[in-house]
Amino acid sequence: MSSPLPPNKLPSHAQIIIIGGGIHGCSVAYHLAKGGWTDVVLLERKALTSGTTWHAAGLVGQLQGSHSTTAFASYGIELFKTIETETGQNPGFRQPGSISIATNEERLAELKRKADFASLFGIDAFYIETDEIAERWPLLNAKGVLGGIHMPSDGSINPIDLTQALAKGARFYGAMLREQIEVIEILTNGEKLTGVRTSEGTIASEYVVNCSGMWARELGKKNGVGVPLHACEHYYLVTEPINDLPGDLPVLRSYCDGTYWKEDAGKLLFGFAHLHPKPWAPDGIPKDFEFDSLPFVEEDVMEVLEMAMNRVPVLKEVGIRTFFNGPESYSYDGRFTLGEAPNLKGYFVLAGVNSTGIQSGPGAGKALADWIMTGHPPMDLAEMDPARMEDWQAQNPYLRERCAETLVLTYAMHWPGRQREAARDLRRTPFYHPMKARGAVYAEVQGWERPGWFAPIGVSPVYDYSFHRPSWFSHNMNEQKAARENVAIIDYSMLGKLMVEGMDSEAFLQRVCTNDMALDTGRIAYTLMLNDRGGIESDVTVARHGVTSFMVMSSISRTRRDRFHLQKHILDGEDVRLRDTTTAYAVLSLAGPKAREVLSLVSDVNLSDSAFRFNSLQKFYIGHAPVFAQRLSYTGELGWEIFITPDFAEYVFEKLLEAGEPFGLRLVGAEALNALRIEKGFLHWGHDMSYTEAPHQVGLSSICRPHKPLPFIGRDAYLERTAKGKGPFLCFVKLKSPKPLLHHNEPVLIDEKIVGYVSSGAFAYAQDAAVGICFINVDDRTLIESGSHTVVVEGQVVPAKLCLKPFSLPQKSN
C-alpha cells in the first residue's frame, strides 16, 4: 500500500483532472467521486468560487428553455434539499416560490406556454390573476399587469455555501481539491490527451474537464478546442433594509421591465436584463482576477432602473446599499457547452451557461460526470455539443458581438423562430442578392443567410414575431400553396456536402451507415448513422458519384458534427478521405407538381419516371450551364435538387424563374419548408430524433439493413432495442381547430393524461390546421391512435387527432 501524499504535494497521476473550482467544477468532482471514481483532482487557480460563482444572485428556477436544462434544474432542487444532511454544510436553500408577470398579451402567451411545458415534468406552475399577484407581492405596482405564472417550488440559494457543500462532499467521497494552482497547459500526444502542466508540476491523466468559466475559451484555444463564450458585464443592486419586508416573498420576474427581484435578509436584491450590453475583457481576463467586481456605470442601467422603480415604488424611498457589477459568461447561441471535444478524446467541457450556473450547475455537473463514467451522454444533450459550432464561431470578434446579444435576449420575448441581429450577413450563397431583390427576408443558421420568407411587392421585408399569426403568415401560406399545387424554388446551397473518397469508401460507409451503401453510381440513399447503443447519431443522404466517390449531405447545423463523426471512424490504414465541398456548389430545389414541366423547358435531359428515377442523380445542362441534379425533395412533392458551380448559379436561377413564371412558380423560404416537411412526416435531427432514440421509435427501421454483408456500427444494439420495442414513439398530430398554432413542446394528452409532447409544429396550408410531430410515451405504439386526443396550447385543451402516419404522404412519382 502506497503512503499518502504530503498535504501540499500534487500526485503524479490522476484519472480525471477538473480545471476550475466554481459551481460546475465542484459539481463534477462531487458526482464523480460519489459515483465511485475517486481518482479525481480539481485544480483552482485562486480560491473556490472566486471567478463568477461567488457573486451570483442565487435564483433557483426549475423551468428552463429545454428538456435537458429543465431536468438539470429539477435535479438541483432535490439535491439542495438533501446535501446538508449529507455534508453538514447548509447551502441556504429557500423555497418561497416565484411569480413571473406579463404586461402584454404576447408575454402572457409565452408564460402560459411555459406553464404548459412545466406540466411535462410534473412541475407545479399555475396561472394567477393580477389581484392574486398583488396579494402575494404587496410591494408591486400592478398597473398594467395582465396576469402571471406562480411556481411554488422555486426559490433561492447561497452560491458560495452550495459550492462549498459540493466541495466538501467531493472530498468526503475521495476527490482531491487544490486551490492556488494554475493550469498552464493541457498536454497531448498527437490526438491523445496525456495530462496537464501546472504552476506546481505536471500530472498525467486520461481525462481533463474544462470547467474554468470565463477562462474556458482561452484555455480551450490552446488545444484547438472551441468554447464559444465571452464574459459580459452584469449588474444587480441591493437595497437598504426595508421595514416589514416579508421573509417569504416569492422571487419576482418582470420580464417586460427587464428585472428580477428576491428578498435578501430583509433587503431587496434586484438585477437587470441589459438593454445595452457590454462585453468584458476583450483582450483577456486580468491574471490576478479574484473575487473582483467591475466599475458600476449608472448610465448602463438607468433606463431599466427607471422601469424597476415604477414597478416597485418603494425603491424611490429606500436607499441602495450595494451597486454591483460583475462578469458572467454567455454563449453565442444561448446554449451551454457541455460534452467531449470533437477533436481531442478525453477533453470535456462544461462552461458558458448564460448566468444559470447556480440553478443548473448541480444537474449539469452530474450529467457530465455520468457521461465520463458510462462513456456516453445520460440524456439528449445534443443542443450543447461542442461540435455544433464552426471554428470561426469560437473566435473573439464574433463572440464579442453575439454573446453580448445573448445577455440582452435573456429577458426578451422568446419568440418562435426569433432571429439574431448581431454578427449577421457573414455567409451568403450565390442567390443572396437576386433573392433579396425579390423580397427575401433572411433568417440565419450557422452564419448562413437563408431566406425565411418572401415579402411581396409593397410589403416591408422585415421579420416580426408572434406566438399566434405574425404579419407574414399569409405569405407563408401562399408559399406552401405554390409548393403543393404548382412549383417552388428553394435555396439549398448551405446544405452540408462532404465527399467521401478512396478505395475503401464503400466499405467505410457500409460500416457507419445503416442503409446499404453498395449503390450503383448515380443512385442515392437516405440513411442513419448509429452509435454503439443503437441511438441515431445523424441522418444523412448519400449519393454515389463514382466507383470510389460518394457525397454525404448533412443538414446545415450538423455539417461539422457529421464530419467529426465520420473522421473518428476511419480505421488505421483505411483508404478513405473526407473533403468538404459545401461551398463548391450552389443548390436550388425545384419542387412541386409542375416541377417536371418547368425543368423540361430549360434542360436537355429525359425527366420521365423511368428515365430519371426517384433517388437518382444525373449530369446535364440547364441552358449553357453544366449541372447535376438529384431527384428528391424535402417538401414531399415531385422535385429535383440542382447542384451548380457558383459561377453559373445566378444564370441557372434566372433561367428557372423565366421558365416557371407561366406555371405559377414562387420562391419559398425556410418557414414554409418547415411546415411542408412536418406535414409530410420528414424528420429533423435535433428536434424529432437524436442519439437517444433508436430507429424503431421514430419509424425509420426501413432504412436499416442489419443483414448486409458488412454490419453497421450499432447493429446488435439496434436489433436488441427493436426486439424490446420500447418507446417513446414518434407520431403525428393535427389540431381540430384552425385557430391555435403549434411550435414545439406543447403537451399531448390521450384520455386526459399527458403522454408526450410536440417536437416540431407548424401551420400547414393544405390541412388548414396546425400539424406536428410528437413523441408519445406508451407501452404499445399501436395504442396511439385509440382514445381521446388533445393538445394543451397556452393553457387551453384543444381537440386533436394522433396518427401513426403523416397526414399527407410524400410523392415519389407524378
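In which loop is the place of Thr49? Thr49 sits in the loop between β2 (40–43) and β3 (59–60); helices (H or I, at least four residues) and strands (E, at least two) are DSSP runs, numbered from the N terminus. The model is predicted, so local features need pLDDT of at least 70 and side-chain atom pairs count only at pLDDT 80 or more, while totals for chains, interfaces and linings use all residues. Residues are numbered from 1 along each chain as its sequence is written, and side-chain values use heavy atoms, with hydrogens and water left out.

Thr49 has a phi near 75 degrees, a positive value in a residue other than glycine. Its relative accessibility is 2%, so Thr49 counts as buried (under 20% relative accessible area; exposed is over 50% and partly exposed in between, with a 1.4 Å probe and protein chains only). Ala423 also has a positive phi, near 50 degrees. Ala423 belongs to the loop between α9 (396–409) and α10 (432–436), and at 9% relative accessibility it counts as buried. Another backbone feature is the cis peptide bond that joins Gly727 and Pro728, with omega about 5 degrees. Pro728 lies in the loop between α17 (715–724) and β32 (729–735).

Leu32, with neighbours within four places in sequence left aside, is in contact with Ile16, Ile18, Trp37, Val40, Ala369, Ile372 and Met373 (contact means heavy atoms within 4.5 Å).

Arg311 lies in helix α7 (residues 302–311) and has a relative accessible area of 5%, so it is buried. The side chain of Arg311 makes a polar contact with the side chain of Asp257 at 2.7 Å. A polar contact is a pair of N or O atoms within 3.5 Å; within protein, one must be able to donate a hydrogen and the other to accept it, and residues adjacent in sequence count only if both atoms are side-chain atoms. A polar atom of the Arg311 side chain also lies 3.0 Å from the backbone oxygen of Lys143. Beyond four places in sequence, the residues in contact with Arg311 include Ile101, Thr103, Leu139, Val145 and Ser254.

Gln510, in helix α12 (residues 505–512), is buried at 6% relative accessibility. Its C-alpha atom is separated by 7.3 Å from that of Pro711, 201 residues apart along the chain. Among the residues in contact with Gln510, neighbours within four places left aside, are Asn515, Met517, Lys708, Leu710 and Phe712.

Helix α12 is also one of the elements against which the buried residues of α13 pack, together with β22 (496–501), β23 (524–530), β24 (536–546), β25 (549–554) and β26 (577–580). The buried residues in α13 are Thr559, Arg560, Arg561, Asp562, His565 and Leu566.

Of its 35 lining residues, the closest to its centre are Glu340, Ala341, Pro342, Lys345 and Lys568. On a 1 Å grid over the protein atoms alone, a pocket is an open set with protein on both sides within 12 Å along at least five of seven lines, a cavity is a set of points where a 1.4 Å probe fits but cannot get out, and lining residues have an atom within 4 Å of a point. Grid points are joined across faces, edges and corners, and a volume is the space filled by probe spheres set on the points.

Two cavities of 30 Å³ or more are found in the whole structure. The largest cavity, of about 40 Å³, is lined by Arg450, Pro451, Ile490, Asp491, Val668, Gly669 and Ala670. The second largest cavity holds about 30 Å³, and its lining includes Gly224, Pro342, Met389 and Arg560.
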